[in-house]
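Please read the following note with the sequence and the model side by side. It is written for a reader who is new to protein structures.

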Amino acid sequence: MSKNLRYKSSKLVDETYRISFKFNNKIYYGYKGDTLASALLANDVHLVGRSFKYHRPRGIMTAGSEEPNAIIQLHDNTSRTEPNVRATEIEIYEGLVASSQNCWPSVNFDIGGINNILSPILPAGFYYKTFMWPKSFWEKYEYFIRKSAGLGKSPKEADPDLYEHKYIHCDVLIIGAGISGIMAAKMAAKNGLKTLLVDEKSFLGGSTIYDNSEFSKINNQITSSWLEKEINEISKLENLEIKTRTSVAAFHGYNFLLARENLTDHLPINQRDNKIRHRLLKIRAKKVITATGAIERPLIFDNNDRPGILLSSAVKKYIDLYGVACGENNILFTNNDTAYETAMSLVQKGIKVNAIIDNREVIDSKLSYEVEKNNVRIFKGHTVVDTYGYKRINGLSIMELSKDGQKVIGKKIRLSCDSLGVSGGWTPAVHLFTQSGGKLKFREDDQVFIPNKYPSDQLSIGSCNGDLSLEEITTNTVLSVKKFLNINNIDYKSFEIITGIHKSKRNIWLLPSDKILGKTKSFVDYQNDATAKDIKLALREGFRSIEHVKRYTTTGMGTDQGKLGNMHALGIISETAGTKMGEHGTTTFRPPYTPLTFGTIVGRNVGEFFDIIRRTPIHDWHVANNAKFENVGQWKRAWYYPKENENMHQAVQRESKAARECAGILDASTLGKIDIQGTDASEFLNRIYTNAWSKLDIGKCRYGLMLNEDGMVYDDGVTTRLDENHYIMTTTTGGAANVLGKLEDYLQTEWPELDVYLSSVTDHFATISVCGPHSKKIVSKVIPDLDFSDEKFPHMSFKNTKIGQIKCKVMRISFTGEQSYEINIQSNYGKSVWEKCMEEGKDFNITPYGTETMHLLRAEKGFIIVGQDTDATMTPIDLQMDWIVSKKKYDFIGKRSLYRSDTIKDDRKQLVGLLTENPKEVLEEGAQIVADVKKSPIEMLGHVTSSYYSPNLNKSIALGVVKGGKKMLGQKLIIPMENKNINVTVADPVFLDKEGKRLNAKL
Amino acid sequence: MFLINCPFCGEREQSEFKAGGEAHIERPKQPTELSDDEWAEFLFMRKNIKGVQFERWNHAHGCRKWFNIARDTSNDQIKAVYKMGEKPPVK
């Protein structure tokens, strides 16, 4: 290292603590407190990346989260690798490994740099324009375009780190711990309000904390010293919680905010194990104060993107806060006074400032005279017209500005430098304010957008509110916070402010050049390589809305969301179109303010905690007996139980046969169960089901179909009358919660006069269904005290009984068409009763079966599954279930809709059975059904909803919905598949035992 | 995310609630007397206004009660919360 760029007495850096890190495979050293950016600059490394489109060499531009260029890949080729990390935000730690992105083979020699030379033929919208023809070729182009797109590389392995979410409630949330945020925090906390102060940086005080020149004083103390005392004071306040390294990502309605607290990213790698890396804070604040400061604007001139060109405020921050000089021969380029502060910081440390180029013709501030006294040349009324140096700036040329600022005049002067600080004035950081729904207004004086109308109980203070001078910040903060929090007791009386700077500014959005615009590269969006030329081209091509120009040119669409250049884009648009600023709107700032990792967003909801898992009380038995599981909503249901080498088909065939020939046992605990009580329970069921319920005897069960008000089938299940005013309803597994919600809705809103109470008892009972010709013998052994004779316990009836001392309910109902008993018992006894059934059923070849076999068995009987054979367009008539729709009842939910002009049409899709010509051929569920494949376009008549190979019938069976299907019995239809047409015949949907003899079959 | 003042439980996060569409649409007492058009009016027609809109909400993960709110759809401000059967307190 030949140059000495590190200066002592920096605020943040601990020079006794040296840290080594790797950047692009080279080892460098920095100190504790350095960011990756400050450490690289101290090592004279400016070139850190390549730009997105032209692969131009790019350097560090800023010292904060607004950084567009210095975005790097952390820990390449490890599970902790992370793309698009801003070097200006990462604090260095022992073990840090980083590399440049978007370059190959290296940042120094990047093949993609050829795009820079080709740039005249790569205008805005190049891809849209070029790859449109021929249309069908897009797929071929896309492969190559995608390959060259994108910046970093995403990790390929699972994230090894821990993340969590946390809710925080507070009276006042203050975002930003700069001078105004600190003052507001003190006022709020001292008045007894529970206050949370957050800042994205590792330290408090914002940019004022290094405002340590003799020319800036508050109450006769150097501003930074005054602020330090304030910080000391607030850190002792009880009501105040301070969170640093915490970046607010989103500001939603009702003062709900999301912030990311970064807990370990600054620690040495070996100290991170078992610690939470990021915490997503979900903050609900009664009041929010935004004190997010302002972002310095760059200036838009030819070749304004070379490594070594930084914001002037960043140059100041690097020297004052980190003790790092960005160069040995500095030039500053400005249109306002802030660059003179930077110049003072540099000259006071003995660092050469070659010149200041100032757009303004008149400069009249104490500070500017002081700078001049230090032998810095000031070129008034000048502008930079070009810069030189490929991988690092080595010089620039300037020219005089015309009176109107539209042209350059006179002779070109060439100056040398190795660093250029630019300042185009300040843009209030209104991102969070607008995210919350706030409306902006444009202030003509200094060309800034400032908050106008608050959508919630919130306040913007300090420079994000457009108060850019120290006087305005201090005075207005006290006044507005006092009023906003409705407090009287405050320490701040009056402020005596001394400042060396003056507010004057000469704003020119696009600086003129001696070249024509088409020959310049004046970058507006550095990250996405959008230039002033591109924006003007978009306007010439007819784009007007800022949202359209943005998407066409990609201005502001990078990971930095155009924090630096958006204002210039707006300015250039309004100048070119001859409209007022803000007339075309501003682009919408969307969350997150700075990118969040996916880990932060998902928190603990990963792996087995991704979603809630519901298991039945018998689950462990299924696991122990080799069940494969199927997800049904959140439930894990046993799908099938393969034996040794069986595949799914073989297992299901075996289970299905056993259920019809011997006995089967199914865990039906997941079915929804709703307990219904009250004197109007019968009337209630009458209104919600299509069939009649008043006459159902106590101890009997009935199948019911529930419709929506539009007449479409919503849910089905068996309901049992336990007592005069007491029913238990079963619903489908997936529909349970929604059915309960719907029933509650009607009870509370339409029929509040009904005396009915509902409660969900799904989890209270385990349900074991034993079916098949031997089922009666088995359950008789399990419950020996109960009389299972057909006379005493016929089909569709229920008994209260006991197994030992334990009460249970037994229903004789069937979803398979076989004789079948459902034992409902308190959940914690479920597994033991199941095992008892298995034990007693051993001699009868009792066979556990899963949902797949259940589906097959019911399909043989033509029983529907709501949601599989129906969608929200099937009426009971469409399902050929007219028998369940009461003609006598005056009303029930959906009744009126059953004879709307649309629902009575003959050619609605209707449920039918389908038999394949070749009985071995099983149809694919979802396959289309047609009548004529020769006519084009082929008319789609419907689709297959359920399809199985039935081992009991020895043939393929299917259910499907077909237009006008009811009248098509016996007709031939075609299922066109990819490589063949399958011939089918429309059949009755009941394939097996239409008479229902098996329900009472005796062996 | 809204903060909804459930008339039975007090202020709770929106995530505890389910929205239930436009409020004050009464189910006809005698649906069979209605023409197709009249029934369709009840069944399908919903307002979608910019401004104050009356909506049904359910405290699904709380007390399970249904109630009404008056919400300004242009800025999501909830102007009033009131029980089922009550008249909207704001115009």
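1. The interface between the chains. In this predicted model, 28 residues of chain B are in contact with 31 residues of chain A. The size of an interface is often given as the accessible area lost when the parts come together. Here chain B and chain A bury about 2500 Å² between them, and 44% of that area lies on carbon and sulfur atoms. On the side of chain B, M1(B), R27(B) and R64(B) lose the most area to chain A, together 29% of what that side buries.

2. R896(A) forms a salt bridge with D36(B), with the closest N and O atoms 2.7 Å apart. Between the two chains, 21 residue pairs are in polar contact. Helix 1 (36–44) and strand 6 (77–83) of chain B are the elements that give two or more residues to the side touching chain A. Helix 1 of chain B supplies the largest share, 5 residues. By class, this side of chain B has 13 nonpolar, 4 polar and 11 charged residues.

3. Helix 21 of chain A. This helix covers residues 830–841, and its 12 residues reach 16 Å from the first C-alpha to the last, close to the 16 Å expected. Among its buried residues are V833(A), W834(A), C837(A) and M838(A). An α-helix has 3.6 residues a turn, so residues three or four places apart point the same way.

4. Salt bridges within the chains. Over all chains, the structure holds 69 salt bridges. One of them joins the side chains of D763(A) and R614(A), at 3.0 Å from N to O. These two residues lie in separate loops, 149 residues apart. D763(A) counts as partly exposed because its relative accessibility is 46%, and R614(A), at 27%, also counts as partly exposed.

5. A buried pair. D869(A) and R858(A) form a salt bridge whose closest N and O atoms are 2.7 Å apart. R858(A) belongs to helix 22 of chain A, whereas D869(A) lies in the loop between that helix and strand 45. Are these residues buried or exposed? D869(A) is buried, with a relative accessible area of 1%, and R858(A) is buried at 0%.

6. A pair in chain B. K47(B) forms a salt bridge with E22(B), the closest N and O atoms being 3.8 Å apart. K47(B) is exposed at 57% relative accessibility, whereas E22(B) is buried at 18%.

How values were computed: Residues are numbered from 1 along each chain as its sequence is written. Chains are lettered from A and ligands numbered from 1 in the order in which they are written. This is a predicted model: local features need pLDDT of at least 70, side-chain atom pairs count only at pLDDT 80 or more; totals for chains, interfaces and linings use all residues. Side-chain values use heavy atoms; hydrogens and water are left out. Contact means heavy atoms within 4.5 Å. Buried area is the accessible area (1.4 Å probe) that two parts lose on being put together, summed over both. A salt bridge is a side-chain nitrogen of Lys or Arg within 4 Å of a carboxyl oxygen of Asp or Glu. A polar contact is a pair of N or O atoms within 3.5 Å; within protein, one must be able to donate a hydrogen and the other to accept it, and residues adjacent in sequence count only if both atoms are side-chain atoms. Helices (H or I, at least four residues) and strands (E, at least two) are DSSP runs, numbered from the N terminus. Ala, Val, Leu, Ile, Met, Phe, Trp, Tyr, Cys and Pro count as nonpolar, Asp, Glu, Lys and Arg as charged, and the others, Gly among them, as polar. The expected span of a helix is 1.5 Å times one less than its number of residues. Buried means under 20% relative accessible area, exposed over 50%, partly exposed in between (1.4 Å probe, protein chains only).
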